[in-house]
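Me: I would like to learn how to read a structure, one feature at a time. Please give the general idea before each case.

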Amino acid sequence: MSDAFVELFGRRQEGTWSAPGRVNLIGEFTDYNDGYVLPTSLPMEAHASLARREDDVLRVASAQGTPGGGERVVAVRLADLRPPGHKGWAGYVLGVAWALREAGHTIGGADIRVDSEVPIGAGLSSSAALECSVALALRAAFELDLSLEQLALLAKRAENDFVGVPTGIMDQMASLLCVPGSALLLDTRSLESRQVPFALGPAGLELMVLDTRVRHELGNSAYAERRRACEVAAAEIGVPALRDVEIARMGEALARLDSEELRMRARHVITEGARVLEVVRLLEDDSVAEIGPILTAGHISLRDDFEVSSPELDVAVDSALATGALGARMVGGGFGGSAIALVRSSDSGLVERAVVEAFAAAGFAPPRVFVAAPAATKTSPD
Ligand code: ADP
Ligand code: MG
């Protein structure tokens with residue numbers, strides 16, 4: 001990595017800062033309904049190497065910037081950064097610098113190169129890992145007095161307002177705040193969070209990621225449509241957000257909706273909120289194996305009520321469950337991306353083979369299957 005930096009920029013980096021991708025254990029599509037999410041970090045990280053410059057120019061490059069080609073350096077003067085940002089990957093990097101300046105923080109020019117292990121577009125949040133590694137690098141290099149929560153909000157602003165992708169706050173908070181052996185219970189309304197024990201090893205369990213390798217561009221219009229449906233449903237029920245409907249009063253609330261489609265969308269969000277709290281209760285009660293059926297119930301809700309699954313995701317989930325997974329569900333925006341499966345460590349090889357074989361039998365391209373162990377966020381140079 002240091003060699004690539006020297007080759008590109010003709011000098012060494014001052015440091016490298018890293019931030020992981022994430023999987024969300026449970027709490028899907030709850031973020032834009034002001035609800036709870038429960039992400040945990042992945043072992044794959046994005047790494048941002050940085051060296052300050054004397055002038056006010058940002059030069060940025062990514063090892064993954066040009067698929068199949070050499071690395072291209074994008075250079076911009078800080079004063080010229082404004083949305084709509086640069087097309088493609090550079091916007092995620094430059095957007096963080098823009099968001100810092102918008103918030104009144106002083107940064108100078110810098111050479112930045114990113115290199116990431118997080119699969120791109122797989123629902124494992126390569127975008128937030130990228131933004132957060134850059135945010136950590138800029139914070140350290142320019143000695144900015146910012147908490148991890150503040151950095152997360154600025155990274156989100158970069159994605160929302162510079163790149164132009166309307167995502168919630170979960171990905172950036174997860175990338176910056178998750179610690180090994182824990183999941184992060186995040187209230188997306190108050191932004192309060194707490195660590196919840198998620199130690200799989202002592203229970204003899206593993207969390208597998210089943211990446212369908214189907215990328216989720218199809219999901220963009222559906223994302224906006226689902227989001228709108230949730231807003232309409234909340235308005236018809238008469239609450240600020242669907243998060244405000246208690247599960248005990250769900251029947252009453254759904255009866256106020258005038259279409260079956262709205263009832264299905266709202267039912268997913270309301271039951272999903274209850275599933276997050278139930279999983280947290282079990283984890284805090286040292287009953288991690290018992291969360292399996294709740295994960296599976298989450299998948300069924302996403303498939304049947306929110307209607308964001310895909311044939312590949314359903315095959316991944318069904319074949320994992322058929323081979324003894326304790327629970328499995330799709331994660332992320334849907335229509336592709338990844339699923340997760342909670343398995344006994346002794347079964348993970350079996351589950352992997354079953355998923356690969358089921359994909360072949362269905363005529364799908366081979367999936368990528370791996371075991372996720374939590375990784376820490378590094379906040380200082382390596
Ligand atoms: P996800 O976050 O689930 O992986 P997104 O669509 O939110 O999917 O983000 C993927 C986009 O993020 C890519 O299209 C690319 O623009 C950018 N990206 C992520 N990681 C990198 C990287 N290492 N190098 C360049 N661009 C990246
Ligand atoms: Mg993303």
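Me: Which residue stands opposite Ala-183?

Reply: Strands of a sheet pair through backbone hydrogen bonds, either parallel or antiparallel. In this predicted model, Ala-183 has Val-196 of strand 8 opposite it. Strands here are DSSP runs of E with at least two residues, helices are runs of H or I with at least four, and both are numbered from the N terminus. As for ground rules, this is a predicted model in which local features need pLDDT of at least 70 and side-chain atom pairs count only at pLDDT 80 or more, while totals for chains, interfaces and linings use all residues. Residues are numbered from 1 along each chain as its sequence is written, chains are lettered from A and ligands numbered from 1 in the order in which they are written, and side-chain values use heavy atoms, with hydrogens and water left out.

Me: How many bridges join strand 7 to strand 8?

Reply: Two strands count as paired if DSSP finds at least two bridges between them. Strand 7 and strand 8 are joined by 5 bridges and run antiparallel.

Me: In what order do the strands of this open sheet lie?

Reply: The order is 2-7-8, with 3 strands and antiparallel pairing. Strand 2 and strand 8 (193–197) are at the edges with a single partner strand each, so one side of each has no neighbour in the sheet.

Me: Which peptide bond is cis?

Reply: The bond from Pro-83 to Pro-84 is cis, with omega near 0°. Pro-84 is in the loop between strand 5 (74–77) and helix 2 (90–102).

Me: How many residues of each domain are in contact?

Reply: Contact means heavy atoms within 4.5 Å. By that rule, 33 residues of domain 1 touch 43 residues of domain 2.

Me: What area do domain 1 and domain 2 bury between them?

Reply: Buried area is the accessible area (1.4 Å probe) that two parts lose on being put together, summed over both. Here it is about 3000 Å², with 64% on carbon and sulfur atoms. In domain 1, Ile-26, Phe-29 and Tyr-32 lose the most area to domain 2, together 24% of what that side buries.

Me: How many salt bridges cross the interface of domain 1 and domain 2?

Reply: The rule finds 4 across this interface. Elsewhere in the list of pairs, Glu-28 and Arg-329 meet through their side chains in a salt bridge (2.8 Å, N to O).
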